[in-house]
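I opened the model to take notes on a few helices, ring pairs and loops. The entries below follow the order in which I looked things up.

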Amino acid sequence: AKCVEDKLIIFDITIRLLLYRSDVVAAVGCAKDALRNLGEEFPEDVTPDVLIHFIEETKELLDGMANEELINLKLMTDTKTIMAMKYLARLSEALYIFRPGDQPIVVLRMVQLSLTHGMSPLSPLAFVSYGSFLASSGDIREGYRYARIATAQLDKVGQRVAGQVIAYSTQLKAYVEPVQSAIEFHIEGGKAAMICGQISYLLLNSLLYDSCSFWSGKKLKKVISQLEQTISTARQGKHVLLLGQIMPLYGSVSNMIGLPDNRDMLHDLRVGNTFNSKAHYFNNMYTAFMFRNYEDMKSAIEQYSKYKIGSWIFVFSSSVQLFYEGLISFFIGRKENDNTWIERGETACRAIESFSDSSSKWNFENKALLLQAEEQFCSGKNLELAGTLYDKAVLSAKEHRFLNEEALALELAGIFHLKTGGEDRAIKYLSEAVEKYKEWEAFAKAKSLERYLEQVNLKITISVAFCSS
């Protein structure tokens with residue numbers, strides 16, 4: 001390299017190759033070296049005080065600025081700053097995988113440069129990422145505001161990062177608007193990424209669409225078909241990190257339908273990768289919970305807890321993970337009479353309630369009601385209230401088109417009535433749950449519940465015969 005510009009070209013090629021090979025640590029180091037050449041220094045240790053400083057500086061710059069002002073910022077012209085934005089974006093991408101706690105200061109710096117030097121083609125990515133940061137900090141509505149601003153900025157600076165921006169903004173949209181319709185924007189995000197030749201962001205949109213399709217109750221034959229197409233594209237492009245996220249979900253869907261589960265064939269994809277390990281153990285605990293494999297469920301949630309790292313990229317599946325963590329914690333706490341697990345369930349319940357109150361009743365009301373019902377069941381103080389909450393959870397899931405969670409609420413209501421002496425009502429709820437699981441096309445789960453129902457009927461028959469004699 002004969003000059004700084006030559007060095008920066010080499011840095012860019014090197015970072016892309018390192019990320020492609022999943023050598024994230026080296027990619028982070030290379031990006032930081034490139035930024036040093038542009039006069040941008042970052043602290044090695046991002047302490048809470050450092051983060052607060054970056055947040056306060058950013059909020060001061062944004063203070064009083066209306067949406068239209070942010071959408072119509074002047075264009076960035078300084079070549080050095082434009083290059084800095086490019087390497088900040090590369091660094092942000094690598095830190096998301098390697099050290100997510102450090103990522104916010106990179107995004108905050110990108111926002112600051114956009115506000116002081118004007119918008120570059122990467123500024124929409126900075127603003128949507130800032131929106132994700134605000135949402136993960138508890139202000140979902142304000143985060144969604146910046147997601148909408150970022151989407152509008154694309155029309156001003158071009159579509160270079162449209163695939164990423166639409167991916168992140170759609171996940172914020174899924175917290176505020178009905179998730180079943182909100183996720184359709186991922187299809188547009190995938191098309192935008194394809195136009196720009198960004199296969200990784202085509203896959204990201206596909207993965208998020210497939211994931212939300214499953215968790216929002218879309219029919220499972222369609223979901224498995226979508227996943228198989230996404231997996232095929234990821235394998236062709238050798239996108240190892242994304243495969244590590246997709247395969248555990250594919251395993252869960254396969255198990256619910258009754259297809260072979262190939263997730264353990266990809267053990268190497270989670271070695272040394274916290275995000276892939278988290279996805280693996282979450283899907284394991286979900287499957288074990290749904291099929292009532294108690295020991296596997298408890299083992300999986302204990303492993304999952306080790307990888308419960310915070311991420312400020314706000315995705316709908318995080319709320320799903322919290323929901324099932326709460327249900328499983330109540331289940332374990334009730335079985336083992338352990339208040340530590342029950343308190344963990346209560347923490348999840350309060351968080352889902354806050355989503356329902358501040359973000360979207362459509363997406364979260366039924367989840368909050370079901371967790372509240374389980375909480376009352378664990379308490380045992382007001383079983384009548386528990387029964388009412390189960391019924392409300394069923395009705396809310398039906399009204400808001402969460403077929404999967406309607407089936408689950410019916411099943412848990414049946415178990416509640418069975419354990420509290422209401423055998424006739426239990427059989428009614430469990431029978432309805434079987435039909436709903438079949439409607440969802442979760443045939444293996446329906447068959448498993450049918451076998452359980454047969455055992456319940458047999459026990460009741462034997463009990464009645466014994467009492468008669």
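I count a contact where heavy atoms lie within 4.5 Å. With that I looked up His-400, which touches Gln-180, Lys-361, Trp-362 and Glu-365, residues up to four places away in sequence not being counted. The model is predicted, so local features need pLDDT of at least 70 and side-chain atom pairs count only at pLDDT 80 or more, while totals for chains, interfaces and linings use all residues. Residues are numbered from 1 along each chain as its sequence is written, and side-chain values use heavy atoms, with hydrogens and water left out.

**Entry: His-400**

I take helices as DSSP runs of H or I with at least four residues and strands as runs of E with at least two, numbered from the N terminus. His-400 sits in the loop between helix 20 and helix 21. I call a residue buried under 20% relative accessible area, exposed over 50% and partly exposed in between, with a 1.4 Å probe and protein chains only. His-400 has a relative accessible area of 6%, so I noted this residue as buried.

**Entry: helix 17**

Asn-337 follows helix 17 and has a positive phi, near 50°.

Next I looked at how helix 17 packs with helix 9, residues 162-176: the angle is about 50° and the axes are 8 Å apart. The axes are lines fitted to C-alpha atoms, for helices over the stretch in contact, and angles run from 0 to 180 degrees between N-to-C directions. Angles under 35 degrees count as roughly parallel, over 145 as roughly antiparallel, 65 to 115 as roughly perpendicular and the rest as oblique. Helix 9 and helix 17 are therefore oblique to each other. Gln-171, Ala-174 and Tyr-175 of helix 9 make the contact with Phe-316, Ser-317, Ser-318 and Ser-319 of helix 17. I sorted these residues into three nonpolar, four polar and no charged. Here Ala, Val, Leu, Ile, Met, Phe, Trp, Tyr, Cys and Pro count as nonpolar, Asp, Glu, Lys and Arg as charged, and the others, Gly among them, as polar.

**Entry: Phe-316**

Phe-316 belongs to helix 17. Is Phe-316 buried or exposed? Its relative accessibility is 0%, so Phe-316 counts as buried. Leaving aside neighbours within four places in sequence, its contacts include Val-179, Cys-212, Asn-363 and Phe-364. I also took the C-alpha to C-alpha distance from Phe-316 to Ile-105: the two are 23 Å apart in space and 211 residues apart in sequence.

**Entry: helix 6**

Ile-105 is among the buried residues of helix 6. Helix 6 covers residues 103-117, and its 15 residues should span 21 Å, which agrees with end C-alpha atoms 21 Å apart. I found 12 of the 15 residues buried, so helix 6 is largely enclosed by the rest of the structure. What covers these buried residues? I listed helix 3, helix 4, helix 5 and helix 7 among the covering elements.

**Entry: ring pairs**

I pair rings of Phe, Tyr and Trp (its six-membered ring) if their centres lie within 6.5 Å; planes under 30 degrees apart count as stacked, over 60 as edge-to-face and the rest as tilted. How many aromatic pairs does the structure hold? The structure holds 22. For Tyr-130 and Tyr-146 the ring centres are 5.0 Å apart and the planes at 80°, so the pair is edge-to-face. Tyr-130 lies in helix 7 and Tyr-146 in helix 8, so the pair ties together parts 16 residues apart in sequence. Tyr-130 and Tyr-146 are both buried. The rings of Tyr-390 and Phe-416 also have centres 5.0 Å apart, but their planes are at 35°, so I noted the pair as tilted.

**Entry: two loop residues**

Lys-238, not a glycine, has a positive phi of about 55°. Lys-238 is in the loop between helix 13 and helix 14, and its relative accessible area of 57% makes it exposed. Arg-292 has a positive phi near 55° and lies in the loop between helix 15 and helix 16. With a relative accessible area of 26%, Arg-292 is partly exposed.

Definitions and conventions: Expected span 1.5 Å × (residues − 1).
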